[in-house]
Amino acid sequence: MKLVLISSSFLLALVGGLLGLLAGNSHYPKDPNDTLKRVQHGTLRVGYTRAEPWVVPGLQEPQGIEPALVRSLAQRLGARIEWVGGTEQHLFEALKAHELDLLIAGTTDESPWKTEVGLTRPYVETTVYVGAAPGTTLIASLKGQTVAVPLGTDIGHFVRQHDAQPAYRAQLPGGAPLAAGYEWQLQSWGYRRLNNLELKKENHVLAVPPGENAWLLALETFLYQHQAQVHQLLR
Amino acid sequence: MTSPKHQELPPELEAPLARAKKLEWLTASYVLSVLVVMYLALGQSQAMKTAWADDMLGLVAPVSFLLTTRFVRRNATPEFPYGYHRAATIGYLTGSAALLIIGTLLFFDGVKALASGERPSIGLAVVLGYPIWAGYLMIAALIWSTVPSYFLGKAKLPLAEQLHDKVLYADADTNRADWQMGTATIFSIIAIGWGWWWADAAISLVLSGSIILDGYKNLKQAVFDLMNQTPKTVSRQDDDPIVEKVAGLLCGLDWVREVKIRMREEGHILYGEAFIIARNTDNILAKLHQASADTHRLDWRIKDFVLAVVDELPE
């Protein structure tokens, strides 16, 4: 009997609480540090680091896919952007300490910082494929083949997993019969995408200070509504 | 003396056993569904992680019940002359040890989260094309992990008493605890939404504390059972009145002068000996036979009770 009483009061509190939440939806969830309130018609402190094609350093302001997204977001919020360049390590530390409001660095959901800061849900998924130069015969397997890969990435590792040899190039595709690249890169080189030879998937995210849930939700909602813009920017 | 069959259950308990098995199958599949739903909604909330681990432990009792009910009723063999009843206790021991260990790990996780001021981020989820705050999704998952639990626990309690099954009783208890844990976790998600980031870690600490207590209580009882503690009621609070009942029966016999009884539990079944000093030993075999039959008739759980006529009672 006592248990039933306790449980039913729990349930009542729960239902009441939920109704209260739904009624006051616009102010829920809240930011412990009021980031969203501060950046609206205020200053948006954005940390950036070079990560082409996501973030391309420019003369005054960074260019590329993520800066373009940030500029439309700032316009939507009526915010002025304060760009802060730096190394990824320093910028993530600053973000964790709430000294930045947003960090763009071509970050994916595999980032080792994912438990320290808030990451948005992936706003775009990109895939690295093997592409074949025009006029080459199509292949079903990479076994024993040589694939041109960019220097300074982990693509070579995935090529070796297919029992193929990576050939490191500073400039791609450089006339190689097989080359690794994102969908849009293959397209611009005129290479045929080999759909069965998918090397790597990347889920791109943006980073915000930890626990600023109203701000995170506002940013994610913006990204969700601008999926079409993202795909346009990728082309 | 008769050598009773170990697998016998009185016919009137066959129906409750079948029902208990059905409930445990239901519980196992329900817990699996909760695990999937919770995993999909799992975010950075520490309380949510704690609740998930606790839900996973909810599988231990149903699985060990279903496994042990297959084993425990097997006949005794020359290799295992006392039968397989203790399989139930071993299942119980491992389950409660798991509870204790996981509770402790989660407790330190919670302390770390609170001490370092970790702030859980909960963002957007898209449900059937509608963007909503993921916290609502978590709350929905948690409601699925609580409400059915409560009714399952309630349905199992009377069956556990009837069958004198401690694993089933512990499971019913776990279901009851799940209900409270889930509700506390819902509050912690609501609190995160209010910007009270510390409430999440604090609630997870309380929850892990309750897992630790549960684990300790059950581990202690499992060890006591293995050490042949005197029989206890299924809720483990009191001495089982059955010992008194057997003593009453034997003391009431006119040929018995003094009697000393030792009993122990093996799973559902009671084993034991009575040492008897007889007033006279005329026709003693027939008298012992009769007394043994009467004792075994007292309760279905008395399966292997040995009567021994002695000169002197053992210490």
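Two strands count as paired if DSSP finds at least two bridges between them. Helices (H or I, at least four residues) and strands (E, at least two) are DSSP runs, numbered from the N terminus. This is a predicted model, in which local features need pLDDT of at least 70 and side-chain atom pairs count only at pLDDT 80 or more, while totals for chains, interfaces and linings use all residues. Residues are numbered from 1 along each chain as its sequence is written, chains are lettered from A and ligands numbered from 1 in the order in which they are written, and side-chain values use heavy atoms, with hydrogens and water left out.

**Stop 1: a hairpin in chain B**

Select residues 256–266 and 269–278 of chain B. These are strands β3 and β4, which run antiparallel and are joined by 10 bridges. Pick B:Met263; its bridge partner in β4(B) is B:Gly272. Now go to the turn. The hairpin has 2 residues between its strands, and B:Gly267 takes a positive phi near 65 degrees.

**Stop 2: the domains of chain B**

Colour chain B by domain: domain 1 is 11–226 and domain 2 is 242–309. The bounds come from an automatic or database domain assignment. The C-alpha centres of these two domains of chain B lie 41 Å apart. Across the boundary, 14 residues of domain 1 of chain B are in contact (heavy atoms within 4.5 Å) with 9 residues of domain 2 of chain B. Buried area is the accessible area (1.4 Å probe) that two parts lose on being put together, summed over both. For this pair in chain B it is about 1100 Å², with 51% on carbon and sulfur atoms. Which three residues of domain 1 of chain B supply more of its buried area than any other three? Select B:Tyr82, B:His85 and B:His164; they supply 48% of the area that domain 1 buries against domain 2.

**Stop 3: the largest cavity**

Rolling a probe the size of a water molecule over the atoms shows where empty space is left. The search uses a 1 Å grid over the protein atoms alone. A cavity is a set of points where a 1.4 Å probe fits but cannot get out. A pocket is an open set with protein on both sides within 12 Å along at least five of seven lines. Lining residues have an atom within 4 Å of a point. Grid points are joined across faces, edges and corners, and a volume is the space filled by probe spheres set on the points.

The count is 7 cavities of 30 Å³ or more. The largest cavity holds about 200 Å³. Select B:Val60, B:Ala61, B:Gly95, B:Ala170 and B:Thr174, which lie nearest its centre among 16 lining residues. Helices α3 (60–71), α4 and α6 (166–193) of chain B each give two or more residues to this lining. The most come from α4(B), with 5. By class, the lining has 8 nonpolar, 7 polar and 1 charged residues. Here Ala, Val, Leu, Ile, Met, Phe, Trp, Tyr, Cys and Pro count as nonpolar, Asp, Glu, Lys and Arg as charged, and the others, Gly among them, as polar.

**Stop 4: the largest pocket**

Show both chains. The largest pocket holds about 1300 Å³. Its lining has 41 residues, and A:Lys114, B:Leu42, B:Gly43, B:Gln44 and B:Ser121 lie nearest its centre. Elements giving two or more residues include α7 (213–225) of chain A and α1 (14–41) of chain B. The lining divides into 19 nonpolar, 10 polar and 12 charged residues.

**Stop 5: between the domains of chain A**

Chain A is divided into domain 1 (29–123 + 205–234) and domain 2 (125–203). Their C-alpha centres lie 30 Å apart. These domains of chain A bury about 580 Å² between them, 64% of it on carbon and sulfur atoms. On the domain 1 side, A:Trp54, A:Thr108 and A:Leu234 lose the most area, together 56% of what that side buries.

Now find the second largest pocket, about 570 Å³. Of its 25 lining residues, A:Glu52, A:Trp54, A:Thr153, A:Tyr182 and A:Glu202 are the closest to its centre. Both domains of chain A give residues to the lining, so this pocket lies between them.

**Stop 6: backbone details in chain A**

Select A:Glu52 and A:Pro53. A cis peptide bond joins them, with omega about 5 degrees. Move to A:Leu172 and A:Pro173, where the peptide bond is also cis, with omega near -5 degrees. Finish at A:His98, which is not a glycine but has a positive phi of about 65 degrees. A:His98 is in the loop between α4 (88–96) and β3 (102–104) of chain A.
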